[in-house]
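Have a look alongside the model.

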Amino acid sequence: MPNAYLRIFILLYITRCGQFDATQAQCDNDQCNLGRDDQLNIHFIAHTHDDVGWTQTVQEYYDSSVRSILDTSISTLLENETYRFTYVEMAFFHKWFAQQSTFLQSKVRELIRTGRPEFALGGWVSSDEAVVFYGDEVDQLTIGRDFIRRNFGSCSLPRVAWQVDAFGHARERAQVFLEAGFDSLYFQRMDYVEKDARKNNGELEFLWDSSPKEKGVNENYSGLFSKLFTHVFYDTYCFTEGGCMDEGCGYEDQFDRVPTWKVNLYVQTLELWHKAYQTNHIMVPMGCDFTYTNAKTNFRLMDILTEKLSKLRVGNLSLNVFYSTPACYTKAVNREFFKMNNNLPQRTGDFFPYASSLHTYWTGFYTSRPAFKYFVRLHSLLLTIAEQLNVIVPRNAFGERIEQLRQQVAIVQHHDAVSGTEQQHVTDDYVWRLNNAALPCKEFIGQAIGLLQVNEITTSSPWNAPTFCNQRNISLCSVTDRKELDNPSSFRITLYNPLGWEIPDIWLRVPIHFGSYSTQVRVTDLSNPDSCKIIHQLVEVTDRTRSIPERQIARSSTDMDLVFRSVPECAVPALGFRTYQVDVAPNIGSKFNDLELESGINSNARMLFKLSAIKTGVQIKATHSGSGKEFAVNVEMMYYKGSTSSSPSGAYIFHPEKEAIGWTDAETEIEDGPCVQELQVTYYEWATMVVRHYNDERLEIEWTVGPIPDNYGTESREVIIRYSVVGDTPELRPATKGEFFTDSSGRRLIRRLRTSNLQDPIASNYYPVINRILIKGAGETSPGNFESKSPPLALAVYTDRPQGGSSLEEGQLELMLHRRLIRDDRLGVNEALMEQGVDNRGSVVRGVHWLVLDETAEVEQADRYRAMLVTKPPIPLFDEVTTSSSGDSISRTQWTALKKPLPKNIHLLSLIRWPLTQNNSSSLKKILLRLENLESAEGREQQVTELDIGQMFHGIVILDATEMTLTADQSKTMSDKGRLVWRQGEKRSSGRQCVDERQNRPTLIRLYPDTICTLVCNVELSVSPAF
């Protein structure tokens, strides 16, 4: 008894101190019932799946269901120590826990210590896997698991990934789980054909190999732990059909009994399931969406079922039925497989596309709500920059504001958020939440960059802190929209680069009010105006842009887009900024000055391009400078008619009625100048695109779609852009017919192979594209070996948001841009995907593709860099130059936080003030640093990159570094010690540490190809890093 009192006292003391000390906790490793060898062990998994938004908003779900679920579940667990309960969504649990009394919080901590409520996954949400960028997944897992570690100790950190409701599963997500220290993964959805085969073959449990297998991976680099134990539910993550044990099931609660027919149903189900799994353990999910609002009823009914089943047999085995958790089930089957020394089946690749039945391919959500998908990407970028500046400018910390943005960006990674599969009012709520969280962070970013520019620590209100122009893509910016046409005006553009590499050149488009052709515009690089001469061009704002409803509401007077490129010799610094000034003077010149007229084509390019209009769009003619051989690519906007029949296209499903429909009467206008040639293509007033050829041979396609007509509520349309190589081009012939590539979670490429599905030939070949899709010529290894003076080529398209894409024919790529669908696909959202827009006529969406046609070797070499550049691009901030804010007040017009740029193969994935909950402190003691080696682990010639990070930053000295799991909640050494192994003779550690603790150089790290090194670093300031 005294020990019990002492334990309660310690828990109360910990709670009052506001944070759990994980180092004081002792892990109890004997909490699991691992079953009996001579029985069929039935693991009842009591759980709830609580969507963080779907048909109700986040707050609505919490008020209507989640609060009751957690209230009654915790109270029921306190009453009976045999019960177990699994919870996943930390966004909800965090909110609920904060509202409880100190006494109840201590009780919850004790329950969690004994593993009775158990966390699975531990992320802020259960995220989507098709359209979520891997860096965003790492971030949302980090804040959720950090909440668990701080409040309940490291022993409570889940090692089970619970992705039960995602609509397909990404290879790179499995890799993230492995690097975060997970032992197993549980999910429901895989293609119905494969799932049926696995049921019949007893292969619903397997090891998922997340390493790329295209060319044979070097095991020394991919590691021994590239395989994740994976369990696929026989049916769904819910109660078996007819076997509901919830208050909403009907009469069972009223009579407090479980009828015989339901007991028999469970026995029949167990007989069926036993054949599909290899051990004498069966996991039975006992829960579903928002179940356990009255948990006492659930457990009472399960108690009755448990008692009745325990008297029965399946085959020659008696049933051993008990409450369990996913972690305990994992340990039990691990013990069995290890004893059997059974080589589990293995699976490579990913689980896309997912089809639940014929004509039901869940490939439409790859594109659904494209404007919201772009909005999410922008706010992810904003969070990245705010986190960086919160380290760089520590005396101006905005920790609480950044934490709010952290949480909201994490929430929208939910599998019914960024996926676009929620109801419209829920999307509106997500947007409202993101916007509110972003506003103070934008203010912080502007102030931080302003302080860096004026180089004054004590400046409380920096000179005209630069601000964001959020609608530049529709030629809107209040700072650059001058009203007084008769007076000269000036503004500055500060281009902040969040990447760890210098960006030698980048094109910018800035809306301005030009007024008349007698106005002169000058662009100056303030860092070196004499050497860094900038050419520019003015492009008139198109009628299409002027007609966009959001622009009409703003009543802007901007009439020109100012186009210019940073000079390659005057690069935008790595993890830093460069500042430009634009001067507009009326009535003193011509549209282009002499400097502009001298600009010309990039003579060093391997491929030279020329645009021409065709009836269906634009043809890009390319000449290989080395061989002189010519190629051509057609760019065409088209649309599919979505099915409105019994299997309709909807928010989730893409089911086209037939082949894509094109136009043959496109109207084209040409805008030409020293920087860029534009072909502005109009198909209809709602379908337009602009193909741009810049003078450095870059190609850009801007598409604008909407409002998509629905023919008075009778027609669904799904709009695409198709890129088609003209004629037979051996240089683009792949190694295998039908081969193309997409990214996996925005990280590494994954090989796709076109299938010949006769029932669903289009939807079955659609894949998620987060930032790129490409076809590659294999040269001499391609079928039908050819002789050519030019090397093999690759055609790649990089995107500004997630989209669905495919290669339906050889030499062809297509990406879906926007969808408007009159039917709901009857998968739960209960609302047609109509997106009415601000004027209630249908949403208008604008986006950009970047097209690369070059030698295969060059495309492969630059691929990861380009992917990061489009996902985390430099962001411009603006401020007006007034009499009181002259250029003399800026002492820094360029700046970098790094003493030297990172090597080209090393990507700065994260730079975060650590720990997360101490962001308001002005004293910087620790940072979280993630560095990723982008080099491929394919082949054996790759080398480990060594990097001394001690003097990596200006003003920050890294004293030492501890290697952590990817989610930074445990040291990698401790995590590896607890890792489960699935075969006899297998080691627990790969031996590939970033930090070699045996060396007397605590800041020397080793970065292996295709891996992310996560470090918590002790730091001190030599001076303020900002100054």
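1. Start with Arg717 and Glu715, whose side chains meet in a salt bridge at 2.5 Å, N to O. This is a predicted model, by the way. Arg717 has a relative accessible area of 14%, so it counts as buried. Glu715, at 11%, is buried as well.

2. How many salt bridges does a search of the whole structure find? The total is 67.

3. Glu731 pairs with Lys629, and their closest N and O atoms are 2.7 Å apart. Glu731 sits in the loop between β28 (716–725) and β29, and Lys629 in the one between β21 (617–624) and β22 (630–642), so the bridge ties together parts 102 residues apart in sequence. As for burial, Glu731 is buried at 0% relative accessibility, while Lys629 is partly exposed at 33%.

4. Glu179 and Arg747 also form a salt bridge, with 3.6 Å between the closest N and O atoms. Here the partners are 568 residues apart: Glu179 is in helix α6 (residues 171–179), Arg747 in the loop between β29 (739–743) and β30 (749–753). Both Glu179 and Arg747 are buried. They belong to a salt-bridge network that also takes in Arg171, Glu172, Arg748, Arg864, Glu932 and Asp1010.

5. Now the helices. The axes of α2 (residues 58–79) and α15 (residues 424–454) come within 9 Å and cross at roughly 110 degrees, which means α2 is roughly perpendicular to α15. Val58, Gln59 and Glu60 of α2 make the contact with His425, Asp429, Tyr430 and Arg433 of α15. By type, the contact residues are two nonpolar, two polar and three charged.

How values were computed
Residues are numbered from 1 along each chain as its sequence is written. This is a predicted model: local features need pLDDT of at least 70, side-chain atom pairs count only at pLDDT 80 or more; totals for chains, interfaces and linings use all residues. Side-chain values use heavy atoms; hydrogens and water are left out. Axes are lines fitted to C-alpha atoms, for helices over the stretch in contact, and angles run from 0 to 180 degrees between N-to-C directions. Helices (H or I, at least four residues) and strands (E, at least two) are DSSP runs, numbered from the N terminus. Angles under 35 degrees count as roughly parallel, over 145 as roughly antiparallel, 65 to 115 as roughly perpendicular and the rest as oblique. Contact means heavy atoms within 4.5 Å. Ala, Val, Leu, Ile, Met, Phe, Trp, Tyr, Cys and Pro count as nonpolar, Asp, Glu, Lys and Arg as charged, and the others, Gly among them, as polar. A salt bridge is a side-chain nitrogen of Lys or Arg within 4 Å of a carboxyl oxygen of Asp or Glu. Buried means under 20% relative accessible area, exposed over 50%, partly exposed in between (1.4 Å probe, protein chains only).
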